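Please look over the sequence and the structure below before reading on. The notes that follow are grouped by topic.

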Amino acid sequence: MSPEAHPLTRRSFLRAGTAAALGLTAAGCGFASEDDKAAQQAVETPIDVKVDGDLVYFNWADFIDPAVFEGFEKEYGVKVVQSNYDSMEGMAAKLNAGNRYDIIFPTAKWSQRLAAGGKLRTIDHGRLKNAEAVFGGYDYFADPWYDPGSRHTVPFTMYKTGIGWRRDRLGDLTGSWGDLWNEQAKGKVFVLDDRDEVLGMGALKLGLDVSTEDPDDLARVTETLRSLRPRLRGFSSDSYNNLLNGNADMTQAWSGDMAAMLAQAEDPAVFGFEVAKEGAPVNSDCYAIPADAQHPGTAMLFIDYMLRPSSVKKNIEYIGYPMPVRGSEDTYSALVEPFPQCLVTASDLKDDLYFRNATAKGEQHRDTAWTDVKAG
Amino acid sequence: MAPRTRSATARPPRGGRAGGEARGGPARAEARLWTRLMLPGTLWMTGFLLASLLLVATLAFGTTDPLGNPRFGFNPDNFAALAEPAYRTVLLRSLGYALITCLICLAVAYPVAYAIALHGGRFKNLLIAAIVVPFFANYLVRMYGWSVVLSDDGPLLGALRDLGLADDGTKILQTGPGVIAGLVYGFVVFMIIPLYAAMERMDTALIEAGRDLYGGPLRTFFFVTVPATRQGAAAGCVLVFLPAMGDFVSAQLMGGPDQIMIGNLIQDKFFQGQNWPLGSALTMLLMAVLLLGMLGYLRRTRKDEAEAAR
């Protein structure tokens, strides 16, 4: 698929028309109204890559090296106005409420939802000097499932989900999700406080689709997880702190958090990180420019600046997450030398174990299953 | 005699409106003044409380669009979903935790309030400030701090192990008592303040009378002080019970899979699941349960007032 912006096709016209019609009926009773055809066109207009104001930046807290911000501000004579979110849902709620940002960092699943909702500008990769290192180096992202042709996004970071554990207490593990049922770790096991990750782990263990929305599958997943429940100490996304402060012998964990832990652990050798042979969910955060961004030109310059090899190196070392940029691999391997499984490779991406968006009914089934697992 | 006269002017004259009219102009003007002064508060409550309540009530019948935005509608599914047994278990657990929290808060707050109100002397205000000021810091931050202090390899359990008072398996976090301790810590101040106020107002002559009638300190406390301050205790119970019942921070940071409270599930619906309508329906359920409890409280205070007026 061509990454350039092209004139409206019949299908996109129809889609926009339906959205507009829905918007009319929903406008009176909804919080947010759908975009109309004119907005659709505005979204598709290529962005001029030039300074058009200060950058209004919206991301997880502390997710970019401050030195990179300083460099960008100095070089282009603009200010970076920062605000943070603490969940994708929180980010979407802010966007839907009409707050205007120039650059946001949705995950794959959310990129798809936002693009489908007409909330993202298209990004012409040809206008980014450094985009070739991404799309040339990692062809997965040239046409990912969440954004055909990466028309609205540029990938930012990647991560996998696996198991972090105390090597000093448990020794070696077997490299399977079944390790969470380890007898020795009983009562000191945490799983992430995250619906998709926990249901996905159960599904992978059973050999099912990682984002299954089928009620029968979900019943099997719930049953499996119910056998894990009495062994659990808790649901917590504070994975590496739980390992560090001794509450956990073992925890489901994101690779990037484990890499970040290396900087804090006195002796990294007592910890381990493995990914399961049944499959490791992968995910990526993306750069995206909201449809109503006031300074999209500056945002384009910012993406390009972030993709420069020097910025990529600084950011990888600062946040501990690998980035799909050719030439940055050595920086990351050096950083996570004790936990080689933190690397996200081309074959990890090819396995494509991303969490997908479910249908409305499917989301409900998944929600019910999650409540079941969590509340017992 | 002095306190009597003061309370007589503060309260509306006996016999209700007829009495007020009999006393003529100034009383009515005063009543009108109070009505007017109530206006900003009433408007505020109507504007923000009732409107948001209405929003939640309507949204409970709504649906969610693909972007996760809530949509209004007429969809009874959300209430049907509440039949899931998990919700009942969690709701009952929350009720239990909140009740135990209330009782512990009472047990902690009575001696504290008593000591400050009756023996605090010139340090009274300082002591009250010492209790209140720590609560200016954000609740979440304080609880996060506790979760570090109480962790398995944390300072407290480490010290206890060194003293031989705890073994390797002892844990505080992710237990029911841990969560209740968090709730007590978070809300005990709401019990101390109304009790302190009630004891400040209490006529200490009553205690002296109790002693004169050969009541021991404990008997006097239970048969004189407690009944005389029961309105403060009731207000404190409401102030502790309501937030404890809806709390999710304590269960999240101090609790494990078997300590999840209704607040955690509601929070999940609004954030992770992005199912605002179901979250709203759960909120309505929680409010219905709390309202039942409140009705009991209101009837009790009305009875107390009626007795006081007689």
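**A:Arg233 and its surroundings**

The side chain of A:Arg233 comes to 3.3 Å from the backbone oxygen of B:Leu173. This is a predicted model.

- A:Arg233 is part of strand β5 of chain A.
- A:Arg233 has a relative accessibility of 1%, so this residue counts as buried, the limit for that class being under 20%.
- With B:Asp152, A:Arg233 makes a salt bridge whose closest N and O atoms are 2.7 Å apart.
- The side chains of A:Arg233 and B:Asp152 are also joined by a polar contact of 2.7 Å.
- Leaving aside residues up to four places away in sequence, A:Arg233 touches residues of chain A, including A:Gly187, A:Lys188, A:Val189, A:Phe190 and A:Asn247.

**The interface between chain A and chain B**

- In the interface, 39 residues of chain A are in contact with 35 residues of chain B.
- The two chains, A and B, bury about 3200 Å² between them, and 45% of this area is on carbon and sulfur atoms.
- Five salt bridges are counted between chain A and chain B.
- There are 13 residue pairs in polar contact between chain A and chain B, counting pairs with both residues at pLDDT 80 or more.
- On the side of chain A that touches chain B, the elements giving two or more residues are α4 (88-96), α5 (108-116), β5 (232-235) and α16 (360-375) of chain A.
- Helix α16(A) gives the most to this side of chain A, with seven residues.
- Sorted by class, the side of chain A that touches chain B holds 16 charged, twelve polar and eleven nonpolar residues.

How many salt bridges does a search of the whole structure find over all chains? The search finds 26. Some of those within chain A are described here.

- A:Glu75 and A:Arg308 form a salt bridge, with the closest N and O atoms 2.7 Å apart.
- A:Glu75 is in helix α3 (residues 66-76) of chain A, while A:Arg308 is in the loop between α12 (296-306) and α13 (309-319) of chain A, so this pair ties together parts that are 233 residues apart in sequence.
- A:Glu75 is partly exposed, at 46% relative accessibility.
- A:Arg308 is also partly exposed, with a relative accessible area of 25%.
- A:Asp172 and A:Arg167 form a salt bridge, with the closest N and O atoms 2.8 Å apart.
- A:Arg167 is partly exposed, with a relative accessible area of 34%.
- A:Glu363 and A:Arg195 form a salt bridge, with the closest N and O atoms 2.9 Å apart.
- A:Glu363 belongs to helix α16 of chain A and A:Arg195 to helix α8 (residues 195-205) of chain A, so the pair ties together parts that are 168 residues apart in sequence.
- Are A:Glu363 and A:Arg195 buried or exposed? Both A:Glu363 and A:Arg195 are buried.
- A network of salt bridges links A:Glu363 and A:Arg195 with A:Lys109, A:Asp196, A:Arg366 and A:Asp367.

**Chain B**

- Chain B contains 16 helices and two strands.
- Along the principal axes, the C-alpha atoms of chain B fill a box of roughly 65 × 60 × 30 Å.
- Of the 310 residues in chain B, 37% are buried.
- Among the contacts in chain B with a separation of 6 or more, 67% are between residues 24 or more positions apart.
- Chain B has an accessible surface of about 18100 Å², and 69% of this surface belongs to carbon and sulfur atoms.
- B:Asn69 sits in the loop between β1 (63-64) and β2 (70-71) of chain B.
- B:Asn69 has a relative accessible area of 6%, so this residue is buried.
- From C-alpha to C-alpha, B:Asn69 and B:Leu298 are 38 Å apart in space, and they are 229 residues apart in sequence.

Technical notes. Residues numbered from 1 in each chain as written. Chains lettered and ligands numbered in written order. Predicted model: local features only at pLDDT ≥ 70, side-chain atom pairs only at ≥ 80, totals over all residues. Heavy atoms only, no water. Contact = heavy atoms within 4.5 Å. Buried area = accessible area lost by both parts, 1.4 Å probe. Salt bridge = Lys/Arg side-chain N within 4 Å of Asp/Glu carboxyl O. Polar contact = N/O pair within 3.5 Å; in protein donor to acceptor, adjacent residues only side chain to side chain. Helix = DSSP H or I, 4+ residues; strand = E, 2+ residues; numbered from the N terminus. Nonpolar A, V, L, I, M, F, W, Y, C, P; charged D, E, K, R; others polar. Buried < 20%, exposed > 50% of the residue type's maximum accessible area, 1.4 Å probe, protein only. Areas by Shrake-Rupley, 256 points an atom, 1.4 Å probe, with all protein chains shown as cover.
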